[in-house]
Every structure is written in structure tokens, then in C-alpha cells.
Amino acid sequence: MASGIPITVFEHETLRIGDRRMTPTLLATLQRYYGNGVPYFDLVYNGVKFKEYVGVIQAGQAIIEVLPKADRVKESSDATETKWRKVLIGMLKAVGAFQVRSTSQSSFTLKSNHILDLYFELFINEVESLLHQGLIKQYRKSEGNCTALKGALVFSKHIQHNLVHQERFYSRHSVYDVQHRLHAILYKTLCLLKRINTNMNLHSRIGALLSHFPPMPDVRVNDETFERIVFTRKSRNYEPAISIARLLLLRYHPDLSAGRNDVLALMFDMNLLWEQFLFVSLRKHLNGEYSVRTQTTKRFWKPDDGYSSSMKPDIWIEGKGISIVLDTKWKHIRDFNPSPDDLRQLYVYCEYYSARKVALVYPGDTNAYRRGKYYDILQDAISDRECAVICIEPTADVIAWQQQLSIRIENWINGMD
């Protein structure tokens with residue numbers, strides 16, 4: 001297998017031994033990784049079946065790129081893969097998954113442009129920028145022998161270590177230097193990239209950074225490590241690099257039993273990504289007379305004892321005296337017929353959010369509407385409450401796509417479609 005060239009599949013596809021450079025060794029690595037309880041794929045005979053998660057899994061030197069797909073074209077081609085790769089990367093950028101400063105936005109130079117390379121290069125860009133600006137110093141606690149007394153003398157250890165060295169002082173004191181937690185995390189991430197990077201264009205840059213970055217002691221990291229970091233005015237520039245370091249370090253699973261077959265997974269739930277993408281697009285491009293909110297909770301049932309149950313529509317829009325609820329589904333809908341469960345869920349949203357219009361919003365290979373109205377249960381007649389199915393075709397030009405879908409949603413709200 002060529003190093004750094006990904007095996008490209010689409011969500012919900014099955015990859016078996018013999019398919020697209022899938023080897024028994026790679027399958028064994030994925031099977032061990034699956035034992036950690038990962039939700040990205042299921043095991044099948046001689047292979048794996050991917051689920052609704054998209055992104056990149058690097059297992060040893062092998063890279064598996066899982067792309068989204070929401071059209072009916074079954075045959076895969078370079079053009080199809082290129083389109084959906086651009087759609088995925090554009091959606092991730094839109095929702096803020098690639099947090100970059102304006103000075104480094106134009107510095108993506110890699111030709112492959114799969115997600116793993118983009119994150120690696122973005123991290124390298126950020127660390128290069130920090131080194132160019134100069135690494136910040138912070139105070140840290142230190143303990144040891146000094147030739148001059150500073151801080152507090154640790155008397156018991158002073159006697160133990162300096163009984164015949166009266167010119168030394170064993171003290172506990174503060175040191176102001178570059179050896180602190182932020183730099184230890186960045187250094188650990190650089191060492192990880194040196195170990196797992198397969199893109200030849202990045203090897204020299206990683207080596208140069210490690211030669212210029214001051215060596216740091218190893219630190220154990222978990223979610224709590226990053227939660228405890230507080231960025232100040234002085235350290236604010238470190239936030240993008242630390243965010244990427246968190247993503248890489250916490251999703252890295254070393255394979256202790258098989259040497260170099262470590263696994264790094266940067267995978268995203270496509271349903272959540274579609275919901276967030278639609279939300280940020282509408283908030284940015286929808287007419288300023290509308291208020292767009294996401295995951296707005298309302299309670300609707302309370303047991304005699306225990307916690308109450310609540311509902312959270314994906315997107316709630318208010319403006320011009322009306323209320324609209326959107327429910328997002330990342331899947332290809334056949335014949336534009338929603339399931340009865342989806343229709344019932346939208347009916348409840350009508351009641352609790354006083355919505356005159358609700359819609360199920362899907363991606364698809366065509367732009368189309370299907371309208372419908374709920375019955376008035378008291379009069380057994382058609383009401384004025386509309387429930388629509390809206391299909392929006394993804395395009396590789398994601399910025400233009402955001403504008404188009406906002407226009408289509410607004411036209412539907414105003415009855416102009």
C-alpha cells in the first residue's frame with residue numbers, strides 16, 4: 001500500500017479483505033480497535049461496515065477516508081469522491097471544526113486535502129506561528145538544589161542532600177520559563193505527529209519544529225487536563241493549537257500489542273454535522289428579521305417522582321409573527337415520503353412551539369419540496385398547519401450552497417417557492 005494514500009469509502013459501505021487494499025493486518029487492527037467500544041463501524045465477515053460517522057481513521061500506516069453521500073449514484077468515481085470530500089471539508093469549516101486565525105487561513109498547501117492532512121497541517125501552521133511570535137513564559141513550582149537560597153528551604157531534604165555541601169540550598173521556589181503545561185501538550189502532539197504522519201510533505205516541517213521547540217517532560221492527558229486550561233490575554237493565541245492537540249491526543253489509541261499499528265480516528269456524526277451546518281448557514285444568511293436557535297428545550301412530561309422529560313427541536317425560527325420548526329435528517333429519502341414517526345414528532349412541535357410551519361430537511365440529489373397539512377383533530381378537517389419535506393442538493397461550492405439553502409428555506413417560509 002502506498003504510504004499516505006487513503007482508502008476511500010462512503011458512509012454505510014462495507015469494506016472487506018481484498019477490497020481497495022484492505023489487508024488481513026489492517027482488518028485485525030480495526031478489530032482490536034473495535035474492542036474499545038468505538039461506534040464508527042460494525043464488524044462483518046472478513047470486513048467492517050461503516051455507520052453514519054464520516055472522517056478519517058489511520059490504522060498504522062493505512063488511512064481510511066469515510067466520506068458522506070446523499071445521492072442515488074451507486075458507482076464510485078474520482079469525481080464523486082472529490083465532490084463529497086469538498087462537501088465534507090466545507091461543512092466542517094463552516095461549523096468551526098477547523099478553527100484558524102486569519103493569518104493562516106490561506107496556508108493550506110497539501111494536494112491530498114483529506115481531513116487528517118488538513119488537521120496536521122493546521123496544527124503545524126499554528127505552532128510555527130507561535131514559535132515565530134516567541135513562546136510565552138509562565139510561573140511553575142520547582143524543587144531542588146540551588147547555589148543561592150531562594151524560595152522556601154526544604155529543611156529535611158536539605159540535610160539529606162547537602163550535609164557535606166554547605167554551599168548548596170535545597171529549596172522549593174517558583175521558576176519563570178517556557179516549561180509549562182501548554183508547551184508540554186504541544187510538544188507531546190508534535191512527537192505524536194512525527195510517529196504517525198505518512199505525508200512526505202509534512203515530515204521536514206515536523207522535524208524542524210521538534211528541533212526548534214524546547215524539549216518538554218511527558219504529560220498524561222485526558223479530558224480533565226484540557227478542561228482545566230484557562231486562556232488569558234497572554235495565552236489566547238494558543239487556543240487553536242491546543243484545540244487541535246486535544247482532538248488528536250484524545251482520539252489516539254496506541255496499539256501496545258502490535259507495535260506500530262496504532263489508531264487515530266477523527267470521525268464526525270453526519271447527522272449532528274448536518275444539523276449544525278444548516279443552523280450556522282441560516283443564522284448567517286437568513287433575513288435579519290428572523291431569529292434562529294438550535295436545541296431549544298421545553299419540558300412536556302413530569303413523573304410523580306424523578307426528572308421531567310423534554311423535547312428539543314433541531315432548529316427553531318421565529319420572525320414576522322410566526323414560528324417555524326425544522327427537523328434535520330442526513331439520509332436519502334425515497335419518494336419524499338417521511339416516516340409516520342417523523343410526522344408525529346413534527347406534529348408535537350407544532351403544538352408545543354405554536355408553529356404554523358414545520359419541515360423535515362434532507363440532503364439529496366435534487367432540490368424539491370413536498371407539502372402537506374395536518375388534520376384538525378376537533379373538526380376532522382385539514383388545518384392550516386403545514387408540514388413539508390424539503391430536499392436540498394449539496395454542492396462542492398459550500399459557501400454558495402449555504403446561501404442557496406437559506407434562500408430556499410426563506411422562500412418556503414414566505415410561501416414563495
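Q: How many bridges join β2 to strand β4, residues 47–50?
A: This is a predicted model, in which local features need pLDDT of at least 70, side-chain atom pairs count only at pLDDT 80 or more, and totals for chains, interfaces and linings use all residues. Residues are numbered from 1 along each chain as its sequence is written, and side-chain values use heavy atoms, with hydrogens and water left out. Strands (E, at least two residues) and helices (H or I, at least four) are DSSP runs numbered from the N terminus, and two strands pair if DSSP finds at least two bridges between them. β2 and β4 run antiparallel, and the number of bridges joining them is 3.

Q: Which strands are the edge strands of the open sheet?
A: The sheet has 3 strands in the order β2-β4-β3, with antiparallel pairing. The strands that pair on one side only are β2 (14–16) and β3 (41–44).

Q: Is leucine 250 buried, partly exposed or exposed?
A: Leucine 250 belongs to helix α8, residues 239–250. Buried means under 20% relative accessible area and exposed over 50%, with partly exposed in between (1.4 Å probe, protein chains only). Because its relative accessible area is 29%, leucine 250 is partly exposed.

Q: What separates the C-alpha atoms of leucine 250 and asparagine 222?
A: Leucine 250 touches Val221, Asn222, Asp223 and Phe226, not counting residues up to four places away in sequence; contact means heavy atoms within 4.5 Å. Leucine 250 and asparagine 222 are 28 residues apart along the chain, and their C-alpha atoms are separated by 6.6 Å.
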